[in-house]
Amino acid sequence: MNKDNYLKVKEEVNNQATIIAVTKYHTVEDALEAYDAGVRDFGENRIEGFNEKRAALPQDANVHFIGTLQSRKVKDVIDNLYYLHSLERESIAKRIEQYSSHDVKCFIQVNVSGEETKHGLKPEDVKDFVTKVSKYDHVKVIGLMTMAPETDNVEEIRNVFKQLRELRDDLQKEFKDIIELSMGMSNDYKIALEEGATFIRLGSKIMGK
Ligand SMILES: *Cc1c(COP(=O)(O)O)cnc(C)c1O
């Protein structure tokens, strides 16, 4: 890992947000090294890597599932699933309810930029979706997640993060537990922090290429 970068980001974050070290391209040993450097939140987007990192890391580490999860695969991660950043279908919530004996903190993934390649709900569909999944006791929607558009245009990126924050503010009036914003990756986390991110997901910046 790049410990200097991690410590620098930690200072920039200044307790505003939780730093998730995305270890999806890295080994268990790399993740343990990050743990020793102080990292307590890890992100994985594949079932195997997720369960493997969970098994290897000490219990006080959180391992977040940040990738797309098919509903039929929910049972393969459920024992380790405490944070899901990609809730976008009711079938996933239904499976969580079916298989879980604990609460799962979920972020609804929102496709703010509207790019076809991106996962997530349209912003205008989020409110109905929250209402629908609120009947599942083990599904605790705590926030929203988005990915920045593929562009170098800083204002375009900022606008996407800003829209997610505004959507969160709007939902919060009705659903008081929706408070978190999972947004910002290695190339755009500074903009995300300026727009109110409470979880940033950093791969290359702190784990290295
Ligand atoms: C890989 C990944 C990241 C981290 O990407 P970097 O650009 O390496 O920081 C963040 N979020 C998700 C959902 C990812 O898949």
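Modeller: Here it is. Start with Phe-199, which has 7% relative accessibility and so counts as buried. Keep in mind that this is a predicted model.

Colleague: What makes Phe-199 buried rather than partly exposed?

Modeller: Buried means under 20% relative accessible area. Phe-199 has 7%, so the word buried applies. Tyr-83 comes to 14%, so Tyr-83 is buried as well.

Colleague: Why is the pair of Phe-107 and Phe-199 called edge-to-face?

Modeller: Two values describe a pair of aromatic rings: the distance of the centres and the angle of the planes. Here the centres are 5.3 Å apart, and a pair needs them within 6.5 Å. The planes are at 80°, and edge-to-face means over 60 degrees. Therefore the pair is edge-to-face. Phe-107 lies in strand β5 (residues 104–109) and Phe-199 in strand β8, 92 residues apart. Phe-107 is buried, too.

Colleague: And why is the pair of Tyr-83 and Phe-199 called tilted?

Modeller: Their planes are at 50°. Stacked needs under 30 degrees and edge-to-face needs over 60. Tyr-83 sits in strand β4 (residues 83–87) and Phe-199 in strand β8 (residues 199–202), so the pair ties together parts 116 residues apart in sequence. Tyr-83, Phe-107 and Phe-199 form one aromatic cluster. The count of aromatic pairs comes to three.

Colleague: Now charges. How do you know that Glu-90 and Lys-135 form a salt bridge?

Modeller: The rule asks for a side-chain nitrogen of Lys or Arg within 4 Å of a carboxyl oxygen of Asp or Glu. For Glu-90 and Lys-135 the closest N and O atoms are 3.0 Å apart, so the pair qualifies. Glu-90 is in helix α5 (residues 90–99), while Lys-135 is in the loop between α6 (126–133) and β6 (139–145).

Colleague: Why is Lys-135 called exposed, but Glu-90 partly exposed?

Modeller: Exposed means over 50%. Lys-135 has 52%, so Lys-135 counts as exposed. Glu-90 has 24%, which falls between 20% and 50%, so Glu-90 is partly exposed.

Colleague: What makes Glu-12 and Lys-190 a salt bridge?

Modeller: Their closest N and O atoms are 3.6 Å apart, and the limit is 4 Å, so they pass. Glu-12 is in helix α1 (residues 3–13) and Lys-190 in helix α8 (residues 189–194), 178 residues apart. Glu-12 has a relative accessible area of 34% and is partly exposed. Lys-190, at 47%, is partly exposed too. In total, the count comes to 16 salt bridges.

Colleague: How do you know that the span of helix α7 is close to what is expected?

Modeller: Helix α7 (residues 154–172) has 19 residues. At 1.5 Å a residue, 27 Å is expected, and the helix reaches 27 Å from its first C-alpha to its last. Its buried residues include Ile-157, Phe-161, Leu-164 and Leu-171. Among the elements that cover the buried residues of α7 are α6 and α8.

Colleague: Last one. What makes you say that a charge sits over the ring of Tyr-35?

Modeller: The charged end of Arg-40 is 3.6 Å from the ring centre. The distance limit is 6 Å, so that value passes.

Conventions
Residues numbered from 1 in each chain as written. Predicted model: local features only at pLDDT ≥ 70, side-chain atom pairs only at ≥ 80, totals over all residues. Heavy atoms only, no water. Helix = DSSP H or I, 4+ residues; strand = E, 2+ residues; numbered from the N terminus. Buried < 20%, exposed > 50% of the residue type's maximum accessible area, 1.4 Å probe, protein only. Expected span 1.5 Å × (residues − 1). Contact = heavy atoms within 4.5 Å. Phe/Tyr/Trp six-rings, centres within 6.5 Å; stacked < 30°, edge-to-face > 60°. Lys NZ or Arg CZ within 6 Å of the ring centre and 35° of its normal.
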